[in-house]
Amino acid sequence: MITVLLFAHLQEEAGTARLTLQLDELTISELKIELQNTYHLTRMDHVMTAINEEYATNEDKIQSGDVVALIPPVSGG
């Protein structure tokens, strides 16, 4: 099981701040594709990611029990 934390527009699109996925192992890239297909999340190519509070790349592996945060770019003044 993998926990995914969503922020900003991703949270709005999914209708929740947290997803629990019954997956054992995949890469960040594979997770993004899964979320796009299942939850219709957009602009995933610009999203920063963290696994267990450590920044991660698209090639990094996610294991069962991990917490993944998906952080879209933000702007403000």
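Two strands count as paired if DSSP finds at least two bridges between them. Strands (E, at least two residues) and helices (H or I, at least four) are DSSP runs, numbered from the N terminus. The model is predicted, so local features need pLDDT of at least 70 and side-chain atom pairs count only at pLDDT 80 or more, while totals for chains, interfaces and linings use all residues. Residues are numbered from 1 along each chain as its sequence is written, and side-chain values use heavy atoms, with hydrogens and water left out.

**Stop 1: β1 and β2**

Select β1 and β2, which pair in the antiparallel sense over four bridges. In this pair, T3 stands opposite T20 of β2. Now show the side chains of β2: L19 and L21 form its covered face, and R18 and T20 the uncovered one.

**Stop 2**

In general, strands of a sheet pair through backbone hydrogen bonds, either parallel or antiparallel. Zoom in on β4 (residues 48–51) and β5: this pair is antiparallel, over three bridges.

**Stop 3: helix α2**

Select residues 28–39, the 12 residues of α2. At 1.5 Å a residue, taken times one less than the number of residues, the helix should span 16 Å, and its end C-alpha atoms are 16 Å apart, which agrees. Which residues of α2 are buried? They are I28, L31, K32 and L35, where buried means under 20% relative accessible area, exposed over 50% and partly exposed in between (1.4 Å probe, protein chains only). These residues cover an arc of only 100° around the axis, which puts them on the same side of α2; the arc is that of the directions from the helix axis to the C-beta atoms.

**Stop 4: T49**

Select T49 in strand β4. At 3% relative accessibility, T49 counts as buried. Its bridge partner in β5 is A56. Leaving aside residues up to four places away in sequence, T49 touches I28, K32, E54, Y55, A56, T57, A69 and L70, a contact being heavy atoms within 4.5 Å.

**Stop 5**

Most residues other than glycine have a negative phi. H40, which follows α2, is not a glycine and has a positive phi of about 55°. H40 lies in the loop between α2 and β4 and counts as exposed at 58% relative accessibility. Go on to N52, in the loop between β4 and β5. Phi of N52 is also positive, near 50°, and N52 is partly exposed, with a relative accessible area of 40%.

**Stop 5: the whole chain**

Zoom out. The chain has two helices and seven strands, in the pattern β-α-β-β-α-β-β-β-β along the sequence. The C-alpha trace spans about 40 × 25 × 15 Å along its principal axes. Buried residues make up 35% of the 77 residues.
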